[in-house]
Amino acid sequence: MGRVYNFSAGPAVLPEEVLKEAAKEMLDYNGTGMSVMEMSHRSKAFEKILTSAEQNLRDLMHIPDNYKVLFLQGGASQQFAMIPMNFMKKKEADYIITGQWAKKAADEAEKYGTIHRIASSQDQQFSYIPDCSNLSISKDADYVYICENNTIYGTKFKKLPNTKGKILISDVSSCFLSEPMDVKKYGMIYGGVQKNIGPAGVVIAIIREDLITDDVLPGTPTMLTYKVHADAHSLYNTPPAYGIYICGKVFQWIQSLGGLDEMKKRNERKAKILYDFLDQSVMFQGTVRKEDRSLMNIPFVTGNKELDAKFIKEAKESGLENLKGHRIVGGMRASIYNAMPYEGVQSLVAFMEKFEKENLKDVSI
């Protein structure tokens, strides 16, 4: 069997060019006679991989010099604790709840202080982004937290919340490098790379330097202190070396295509064909308010569980993999990250059209 179109929400599709290049270098990276998998993280060869990956990311995102870039482990979920441990000086923070991951982050942070859930879209199954233009920001909040793109529910902040001068911290796991970002608007941006950038096991955190201090909550483990990792240039302990190497290749791949402006155009073009089909379909419906739709994760349903299951099974048989929605919400979800080719989305829409024609008679609309 050849390559399939992989719509998984993460670990997710990676650019074929990157995988082929990594395959060529698997036994001998750049004349070293060994794989990056076997290489000392203290070697000159790996030091070069790490520094070029960081520089390429800085160039892509126009990261200002007063922000540190850290390559960490533990998944985005570990950041749910690291953030309050490092930044909740007054033991208060504001969280905007737009899905499962923001909810989990708030619950975790509650172990370390008082959490104010200042806005939520839970009342409509997280199918929209609440108005965040004039929120009741807490006077003593150390930061305001958002999950910018919601992988499970398919929503995206198109406009950042008005934090009224408070630091904004954003989990961008599922929209990382999908479009340009103004890094200066955030105190911290972070994300697991396994959705849009690389293999599972790496978290990238971009943090304003003045926020990285020794002043952390008592009892914070050494490994969960940002300053430790920043001072050691992400080499305090053995980093996820092979994952960082693949991330570096993905950064170069994005640069070769024209950077984040071009990436956004490509992603808008891909999302448009699927959303346009959903908007005119008799059988399939999107589940997100139009103005809040994600370019990366597109959930949809038929309204009939048996039909959803049939669709997922037949799609898989047609080489369209991982279209089952998250277990919490059911239905279907197409994750169309940067590396998903336009042809993949075209194939999905063609299959949906065919499925609708063949099965419409069985559905009472």
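The model is predicted, so local features need pLDDT of at least 70 and side-chain atom pairs count only at pLDDT 80 or more, while totals for chains, interfaces and linings use all residues. Residues are numbered from 1 along each chain as its sequence is written, and side-chain values use heavy atoms, with hydrogens and water left out.

Let's begin with the helices. Two packed helices are described by the angle between their axes and the distance between the axes. Here the pair is H1 (residues 16-24) and H6 (residues 241-257), whose axes come within 10 Å and cross at roughly 130°. Helices are DSSP runs (H or I, at least four residues), numbered from the N terminus. Axes are lines fitted to C-alpha atoms, for helices over the stretch in contact, and angles run from 0 to 180 degrees between N-to-C directions. H1 and H6 are therefore oblique to each other; angles under 35 degrees count as roughly parallel, over 145 as roughly antiparallel, 65 to 115 as roughly perpendicular and the rest as oblique.

Which residues meet? From H1 come Glu-17, Val-18, Glu-21 and Ala-22, and from H6 come Tyr-242, Tyr-245, Ile-246, Lys-249, Val-250 and Trp-253, where contact means heavy atoms within 4.5 Å. By class, this contact of H1 with H6 has seven nonpolar, no polar and three charged residues. Ala, Val, Leu, Ile, Met, Phe, Trp, Tyr, Cys and Pro count as nonpolar, Asp, Glu, Lys and Arg as charged, and the others, Gly among them, as polar.

Now for the charges. Side chains of opposite charge can pair when their charged atoms come close. The structure holds 25 salt bridges, each a side-chain nitrogen of Lys or Arg within 4 Å of a carboxyl oxygen of Asp or Glu.

One of them joins Asp-292 to Arg-289, with the closest N and O atoms 2.8 Å apart. Asp-292 is buried at 7% relative accessibility, whereas Arg-289 is partly exposed at 37%. Buried means under 20% relative accessible area, exposed over 50%, and partly exposed in between (1.4 Å probe, protein chains only). Salt bridges that share partners also join Arg-3, Glu-16 and Lys-20 into one network.

Glu-110 and Arg-117 form another salt bridge, at 2.9 Å from N to O. Glu-110 is partly exposed at 39%, and Arg-117 is partly exposed at 38%.

Finally, look at helix H5 (residues 226-231), where Lys-227 and Asp-231 sit four residues apart and are therefore separated by about one helical turn. Their side chains meet in a salt bridge of 2.8 Å, N to O, and Lys-227 is partly exposed at 22%.

Methods
Helices (H or I, at least four residues) and strands (E, at least two) are DSSP runs, numbered from the N terminus.
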